[in-house]
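Subject: Handing over a structure, with notes

Dear colleague,

I am passing on the structure below, and after it I set out what was found there. Please read the notes with the structure open beside them.

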Amino acid sequence: MANSSQFCTFYLDKLVFGVELKGVQEAIRSLEMTMVPLAPKAASGLINVRGQIVTAMNLRQRLELPPTTFETSAMNVVVRSIDGAVSLQVDEIGGVVEVEESTFEPPPETLRTSVRTLILGIHKLNGRLLHVLDIEKACQIVDAPEPASIPR
């Protein structure tokens, strides 16, 4: 395809998301996680990916989606951000799709502003929308806890 891009796709709440394939390190099953006390809500914990300690991001939390209601564990899409490898926890891993750049559109205005900033745009795929995720923004820890105030 002329002027095309490849995306690693995954599902959250029956929605299709994708990240540019060149930014993906690997896609793996659920791994044992170590919780981090006092961590922001979006940081689920730490996982060991072949000897590399990686922060696991709760992408549902980051995209303001409801918590999952099913028993299966989250899958991991490990991406490379400027701060290093980060695991995006997803419901299900899709596949690799190649799309033409001419099908790219800006994020829909109907998305909440807080979520729209995480979406670079969309591609229409056979009756579904592929939401292109901004890896750098999705991997940011934005809800850091406020320091406790000390009464004087």
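A residue is called buried when its relative accessible area is under 20%, exposed when that area is over 50%, and partly exposed in between. Serine 87 has a relative accessible area of 0%, so serine 87 counts as buried. Please bear in mind throughout that this is a predicted model.

Serine 87 belongs to strand 8, and, once its neighbours within four places in sequence are left aside, serine 87 is in contact with Ile47, Val54, Thr55, Ala56, Met57, Asn76, Val77 and Val78.

On the nonpolar interior, the general expectation is that nonpolar side chains in soluble globular proteins tend to be buried together. In this model the largest nonpolar core has 24 residues, of which Phe10, Val19, Leu59, Leu63, Val79 and Leu133 touch the most other members. At least two residues of this core come from each of strand 1 (4-12), strand 2 (15-20), strand 7 (75-81), strand 8 (84-90) and helix 3 (135-138).

Phenylalanine 10 deserves a paragraph of its own. Apart from neighbours within four places in sequence, the contacts of phenylalanine 10 include Leu15, Phe17, Val19, Leu59, Val77, Ile93 and Leu133. The whole structure was also searched for aromatic pairs, and one was found. That pair joins phenylalanine 10 and phenylalanine 17, which are stacked at 6.1 Å centre to centre with 15° between the planes, and both of these residues are buried.

Turning to charged residues, side chains of opposite charge can pair when their charged atoms come close. How many salt bridges does a search of the whole structure find? The search gives seven, and I describe some of them here.

The side chains of arginine 60 and aspartate 91 form a salt bridge with an N to O distance of 2.7 Å. This pair links distant parts of the chain, since arginine 60 sits in helix 1 (residues 59-62) while aspartate 91 sits in the loop between strand 8 and strand 9 (92-100), 31 residues apart. Arginine 60 and aspartate 91 are both buried, and together with Asp13 they are linked in a network of salt bridges.

Another salt bridge brings together the side chains of arginine 112 and glutamate 64, at 2.8 Å from N to O. Here too distant parts of the chain are linked, with arginine 112 in the loop between strand 10 (104-105) and helix 2 (113-116) and glutamate 64 in the loop between helix 1 and strand 7, 48 residues apart. Arginine 112 has a relative accessible area of 45% and is therefore partly exposed, and glutamate 64, at 38%, is likewise partly exposed.

Glutamate 109 and arginine 116 also form a salt bridge, in which the closest N and O atoms are 4.0 Å apart. Glutamate 109 is exposed, because its relative accessible area is 65%, whereas arginine 116 counts as partly exposed at 23%.

Isoleucine 53 lies in strand 6 (residues 52-58), and its relative accessibility of 57% is why isoleucine 53 counts as exposed.

With kind regards

Methods
Residues numbered from 1 in each chain as written. Predicted model: local features only at pLDDT ≥ 70, side-chain atom pairs only at ≥ 80, totals over all residues. Heavy atoms only, no water. Helix = DSSP H or I, 4+ residues; strand = E, 2+ residues; numbered from the N terminus. Buried < 20%, exposed > 50% of the residue type's maximum accessible area, 1.4 Å probe, protein only. Core = buried A, V, L, I, M, F, W, Y, C linked by side-chain atoms within 4.5 Å. Contact = heavy atoms within 4.5 Å. Phe/Tyr/Trp six-rings, centres within 6.5 Å; stacked < 30°, edge-to-face > 60°.
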